[in-house]
Structures are given as structure tokens and as C-alpha cells.
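Work through the exercises below with the sequence and the coordinates at hand. Each task is followed by a stepwise solution.

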Amino acid sequence: MNITNLPFGVTDWSDVEKTAHTGEQGVAYWRTRNFGDIRVRMVEYSPGYLADHWCAKGHILLCLEGELHTELEDGRRFVLSPGMSYQVADNAELHRSSTEQGAKLFVVD
């Protein structure tokens, strides 16, 4: 990632509009800021959330609260708890998220 032409700024995430994205089960609430080609999000998954698609987008993702389950298309599974992160490149490994108890994430993509 090459970050250019981005002056210093502060984001108060409570001031960023929340949008709802329904999954196969549950809902994800996104607070999104875009800085050029970089999208930065605070994401909250409801308990019982299951994504409705396999994602090919690259992300750097940090789990802030709860527990995030990530499944790769090849069958591997990972569980992130607060303080854990993952990173994946665009079009590298299809993945999808779920959570039993809910989760709050910080995502850069």
C-alpha cells in the first residue's frame, strides 16, 4: 500500500454514518471512510452473523471485540479474538466471516 496525498486527520467513528449490510444470517453495520483508493471501516457483526458471499477483496483486519470466525474456500478456519488480526491480498484466497456472539472489527482495504 502506498499512501500519498493524505493530510493528517482524525476520525471520530461515532460521527460516521452507520450502514446496514445483511448477511445470509444476521447483519453487519459499517462505518466507512474513504481516503483516495483506501477504504477504512469500523464493522460490527450481530450475533449469529454469516456472510452471504465468498469475498475476494484484500483486507487488513483487526478484531477489537467479540470473536470472528473466518473460513477460507479451501476449508481452513481461523478464530480471531480481540487483539488478533489477519491480512489477505486481493484475489488471493476467498474467505467469509461469521460470528456466534458478535464482533467489532477495524478493517483497511
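**Exercise 1.** Classify Arg39 as buried, partly exposed or exposed, and find its salt-bridge partner.

Solution.
Step 1. Arg39 has 23% relative accessibility and therefore counts as partly exposed; buried means under 20% relative accessible area, exposed over 50%, and partly exposed in between, with a 1.4 Å probe and protein chains only.
Step 2. The model is a predicted one, in which local features need pLDDT of at least 70, side-chain atom pairs count only at pLDDT 80 or more, and totals for chains, interfaces and linings use all residues. Residues are numbered from 1 along each chain as its sequence is written, and side-chain values use heavy atoms, with hydrogens and water left out.
Step 3. A salt bridge requires a side-chain nitrogen of Lys or Arg within 4 Å of a carboxyl oxygen of Asp or Glu. The side chain of Arg39 meets that of Asp109 in such a bridge, at 2.7 Å from N to O.
Step 4. This pair links distant parts of the chain, 70 residues apart: Arg39 is in strand S3, and Asp109 is in the segment after S9. Strands (E, at least two residues) are DSSP runs numbered from the N terminus.

**Exercise 2.** Describe the surroundings of Arg41 and state which network Arg41 belongs to.

Solution.
Step 1. Arg41 lies in strand S3, which covers residues 38-45. Its relative accessibility is 6%, so Arg41 counts as buried.
Step 2. Asp109 is also a salt-bridge partner of Arg41, with the closest N and O atoms 2.7 Å apart. Because Asp109 lies in the segment after S9 and Arg41 in strand S3, the pair ties together parts that are 68 residues apart in sequence.
Step 3. Asp109 has a relative accessible area of 12% and is therefore buried.
Step 4. Contacts (heavy atoms within 4.5 Å) of Arg41, leaving aside neighbours within four places in sequence, include Trp13, Trp30, His59 and Phe106.
Step 5. Through shared partners, salt bridges join Arg39, Arg41 and Asp109 into one network.

**Exercise 3.** Which parts of the chain does the salt bridge between Lys57 and Asp90 tie together?

Solution.
Step 1. The closest N and O atoms of Lys57 and Asp90 are 3.7 Å apart.
Step 2. Lys57 is in the loop between S3 and S4, and Asp90 is in the loop between strand S7 (85-88) and S8, so the bridge ties parts that are 33 residues apart in sequence.
Step 3. Lys57 is partly exposed because its relative accessible area is 35%; Asp90, at 45% relative accessibility, counts as partly exposed.
Step 4. By the salt-bridge rule, the count comes to seven.

**Exercise 4.** In which sense does S9 pair with S3, and in which sense with S4?

Solution.
Step 1. Two strands pair if DSSP finds at least two bridges between them.
Step 2. S3 and S9 (residues 103-108) pair in the antiparallel sense over six bridges. Tyr45 stands opposite Ala103 in S9.
Step 3. S4 (residues 59-66) and S9 pair in the antiparallel sense, over six bridges. Here the bridge partner of Ile60 is Val108 in S9.

**Exercise 5.** Is Ser97 buried or exposed, and which residues does Ser97 touch?

Solution.
Step 1. Ser97 is placed in strand S8, residues 95-98.
Step 2. Its relative accessibility is 7%, so Ser97 counts as buried.
Step 3. Not counting residues up to four places away in sequence, Ser97 touches Tyr45, Tyr49, Leu50, Ala51, Leu68, His69 and Thr70.

Terms used. Helices (H or I, at least four residues) and strands (E, at least two) are DSSP runs, numbered from the N terminus.
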